[in-house]
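Subject: Structure for your review

Dear colleague,

Please find below the structure for your attention. My notes on its pockets and cavities follow.

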Amino acid sequence: MNKMTEGHTVKRYDGEMTHLHQLVLEIGNLVCDQLDRAVQTLKEEDPNEARAVIERDKQVNQLDVQAEEALITLIAKRQPVAKDLRELITVNRIVTDLERVGDEARKIASLTICFYDNDASRPNPQMTRDIMSMTEFVKQMVRNSVESFDELDLQKAVDVIRVNEDLENEFKSALRTLSTFLIEDGRNIGHVVHVVLGLRALERIGGHAKNIAGYVVFLVKGKDVRHEPLEAVLAEVGPGSAFR
Amino acid sequence: MEIAIEEKKGGALAASRSALAAGAKREATVPREDRKTVGDVAVENPRMTCREVNVYYGDKQAIKDVSLDIGRNEVVSMIGPSGCGKSTFLRCLNRMNDTIDGCRVTGSIRIDDNDIYDKRMDVVLLRAQVGMVFQKPNPFPKSIYENIAYGPRIHGLARQKEELDEIVEKSMQRAGLWEEVKDRLDQPGTGLSGGQQQRLCIARAIAVSPEVILMDEPCSALDPIATARIEELIDELREHYSIAIVTHSMQQAARVSQRTAYFHLGDLIEVGETDQIFTNPRHQLTEDYITGRFG
């Protein structure tokens with residue numbers, strides 16, 4: 001419960017808002033764990049565990065549906081306005097982005113099956129190195145974006161938006177590295193394409209974290225910054241600003 | 001006139017407290033200077049201009065330095081908890097408070113640049129110019145036709161029967177009532193349904209060619225369908241008139257008005273575009289009220 005969900009004269013309203021809020025945190029934890037596990041399967045060359053990760057994505061989907069139902073019911077019952085309305089719009093968007101983070105984690109798990117299942121052809125371990133290093137980065141982005149929502153911490157949200165540019169650079173750098181494998185031996189093409197897909201999934205996860213951080217700015221400030229450059233977001237949030 | 005933006009502050013009150021207790025708590029915790037109006041009280045080319053209006057009932061001050069414009073062809077809704085002064089302010093706009101003993105109004109209220117509290121102002125004419133619709137439909141105990149014809153007749157707006165007929169028909173058409181009653185104009189107005197009676201009262205206000213229509217909770221005694229019809233009518237009437245409406249239904253304020261004014265303990269706390277007020281209010285008191293956190 002935070003300043004956005006508490007304080008209604010009708011206490012049941014607080015409870016319903018808090019329930020939705022908790023669902024977001026639960027989905028956030030689950031998709032971060034999924035991402036962790038997916039990359040771990042790649043590291044440990046474990047296709048069986050990768051299948052378990054893919055199977056577990058259904059839990060994310062179920063929570064997504066559950067949140068959507070709770071959201072619709074709450075809108076119908078309470079006709080929220082002002083910060084309550086912004087909270088619900090934000091929850092709706094965050095849940096959608098988190099569900100897609102789950103989908104991207106599933107894609108990385110599929111990569112493990114593609115590379116290491118039975119008689120599959122294994123890639124050069126150097127090729128997947130950047131996936132490992134980028135994972136920690138994007139996982140922290142997702143965690144921070146969800147925390148910024150939970151704590152209404154605009155500085156944390158802005159940091160996520162800011163570091164997404166670093167992630168983009170990291171992604172481009174990783175693509176350049178992969179191209180050297182192709183130059184060395186054209187037969188690497190199959191593996192390179194799959195690794196690119198894995199990198200792309202991580203880059204998209206970073207994008208979802210950035211989106212979530214943007215929604216938090218909307219939630220607190222009432223201003224839609226999704227399509228604004230970083231400078232405009234900083235101008236809106238201001239230095240050292242905290243939730244009013 | 002842009003007045004200082006207030007920081008949001010303070011928390012919500014316990015649910016178990018009564019509205020009165022909540023109000024008293026706010027009174028104690030929100031300093032006077034933090035209750036200056038947030039938002040632009042002025043509009044371009046206003047129909048009515050109110051500046052620093054104060055209303056006293058004996059020693060008690062019910063309205064405190066309220067300034068607000070009523071624009072042309074706009075609906076302004078006034079919201080706030082019970083006892084906040086929104087109805088008192090509305091009643092100042094056509095001097096209905098004159099009828100209350102011990103009521104004193106200071107400040108300036110002008111319509112088309114004429115001071116409505118000027119001694120030379122004809123109050124009967126003013127109330128034709130600024131019509132009013134009340135919470136409970138109050139048709140005269142006369143026929144439907146006479147309910148509408150009475151005003152134009154005493155104000156000398158029609159010289160012949162044909163002209164009066166035309167005013168009656170046009171007023172009822174504008175009020176969305178004509179098709180339902182045109183075949184029974186001689187029947188008593190009190191025999192209509194609640195929603196029809198309220199539209200009859202609106203037609204009666206329209207018949208004397210007002211510039212402004214004041215509505216004091218016009219739908220609170222109506223069912224949802226009748227309410228929807230009145231809301232639709234308000235939207236249509238905006239084409240010809242300025243409308244100020246007091247309502248306890250925030251959803252209604254959000255649906256029908258272009259600007260919303262939030263009153264609290266006699267202060268006009270915030271005024272702004274309705275879209276802004278209901279998505280991102282700038283004052284904590286407005287936010288707390290419209291999100292159901294007190295009041």
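In chain B, α3 (123-129), β8 (130-133), α4 (144-154) and α7 (194-206) each supply at least two residues to the lining of the largest pocket. Helices (H or I, at least four residues) and strands (E, at least two) are DSSP runs, numbered from the N terminus. This is a predicted model, in which local features need pLDDT of at least 70 and side-chain atom pairs count only at pLDDT 80 or more, while totals for chains, interfaces and linings use all residues. Residues are numbered from 1 along each chain as its sequence is written, chains are lettered from A and ligands numbered from 1 in the order in which they are written, and side-chain values use heavy atoms, with hydrogens and water left out.

The pocket

The largest pocket has a volume of about 470 Å³. On a 1 Å grid over the protein atoms alone, a pocket is an open set of points with protein on both sides within 12 Å along at least five of seven lines; a cavity is a set where a 1.4 Å probe fits but cannot get out; lining residues have an atom within 4 Å of a point. Grid points are joined across faces, edges and corners, and a volume is the space filled by probe spheres set on the points.

Of the 19 residues lining the largest pocket, Arg127(B), Ala128(B), Met132(B), Phe140(B) and Arg204(B) lie nearest its centre.

Asn147(B), in helix α4 of chain B, is buried (under 20% relative accessible area), with a relative accessibility of 0%. A polar atom of its side chain lies 2.7 Å from the backbone nitrogen of Phe140(B). Asn147(B) also touches Arg204(B), among others; contact means heavy atoms within 4.5 Å.

Phe140(B) and Tyr150(B) form an edge-to-face aromatic pair, 5.4 Å centre to centre with 70° between the planes (ring centres within 6.5 Å, planes over 60 degrees apart). Phe140(B) lies in the loop between β8 and α4 and Tyr150(B) in helix α4, so the pair ties together parts that are 10 residues apart in sequence.

The cavities

The structure holds three cavities of 30 Å³ or more, and about 80 Å³ of space lies in the largest cavity. Helix α6 (residues 189-221) of chain A gives the most to the lining of the largest cavity, with three residues. Among the lining residues are Lys210(A), Arg226(A) and Glu228(A).

Yours sincerely

Note on methods. Buried means under 20% relative accessible area, exposed over 50%, partly exposed in between (1.4 Å probe, protein chains only). A polar contact is a pair of N or O atoms within 3.5 Å; within protein, one must be able to donate a hydrogen and the other to accept it, and residues adjacent in sequence count only if both atoms are side-chain atoms. Rings of Phe, Tyr and Trp (its six-membered ring) pair if their centres lie within 6.5 Å; planes under 30 degrees apart count as stacked, over 60 as edge-to-face and the rest as tilted. Lists of a residue's contacts leave out its neighbours within four places in sequence.
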